[in-house]
Amino acid sequence: MVELSATSPLSSPFRKAGACALLLLALTSLHHAYGAYIYQTPWRLHIVHLAVPAAIIITVALYVGRSKGGTMAGRVATWLAVLVVLAFPVAMIGIYEGGWNHVIKNIAYFGFGTDAARFLFPEPVYRLPDDFLFELTGIAQFPLAIVTALNTINLLRRPTR
């Protein structure tokens, strides 16, 4: 584990949570763009239209939460950031997209066979694992969501100034 000094750019809990959330949004945007390209499914690009506004909201809310500290505005902004991060990047992207759509799909496919995977993940929405990079970036969303959730929840444990 990398120790962050007090002067490290990521030493702030706000920066840790924000960096994880933005990394998760960037990863899923790249994952979906790649999937749209290789599978010729442009509808997968919808995530970019959701990820960019979410990233802006998260960034602004974390900035206000950190800069306003224990004031009412700071607390409201922190809670807004926490709710948006936990709802969108963590739950919808990491848990559903990464966990269900990729981790469970790969377990079903490699552990129980094609029929089990097709039963749980019917085409045309889902593809059986046939591209390593697509599956790897999909699976990577899940553990990153766990790290993001832990860093985000840590914001609520901070003592107010």
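**Exercise 1.** Find the residue that Lys105 meets in a salt bridge, and state where the two residues lie.

*Solution.* Step 1: apply the rule for a salt bridge, a side-chain nitrogen of Lys or Arg within 4 Å of a carboxyl oxygen of Asp or Glu. The side chain of Lys105 meets that of Glu135, at 2.9 Å from N to O. The model is predicted: local features need pLDDT of at least 70, side-chain atom pairs count only at pLDDT 80 or more, and totals for chains, interfaces and linings use all residues. Residues are numbered from 1 along each chain as its sequence is written, and side-chain values use heavy atoms, with hydrogens and water left out.

Step 1: Glu135 belongs to helix H5 (residues 132–156) and Lys105 to helix H3, so the bridge ties together parts that are 30 residues apart in sequence. Helices are DSSP runs of H or I with at least four residues, numbered from the N terminus.

Step 2: check accessibility. Buried means under 20% relative accessible area, exposed over 50%, and partly exposed in between, with a 1.4 Å probe and protein chains only. Glu135 is buried at 5%, and Lys105 is buried at 2%.

**Exercise 2.** State how many salt bridges the rule gives, and describe the one that holds Asp130.

*Solution.* Step 1: the count is two. Step 2: Asp130 is joined to Arg127, at 3.0 Å from N to O. Step 3: Asp130 is partly exposed at 48%, and Arg127 is partly exposed at 29%.

**Exercise 3.** Classify the aromatic pair of Tyr109 and Phe110, then that of Phe121 and Tyr126.

*Solution.* Step 1: rings of Phe, Tyr and Trp (its six-membered ring) pair if their centres lie within 6.5 Å; planes under 30 degrees apart count as stacked, over 60 as edge-to-face and the rest as tilted. The structure holds four such pairs.

Step 1: Tyr109 and Phe110 are 4.8 Å apart, centre to centre, with 80 degrees between the planes, an edge-to-face pair. Tyr109 is partly exposed at 24%, whereas Phe110 is exposed at 62%.

Step 2: the ring centres of Phe121 and Tyr126 are 5.1 Å apart and the planes stand at 80 degrees, so this pair is edge-to-face. Both Phe121 and Tyr126 are buried. Together with Trp100, Phe121 and Tyr126 form one aromatic cluster.

Key:
Helix = DSSP H or I, 4+ residues; strand = E, 2+ residues; numbered from the N terminus.
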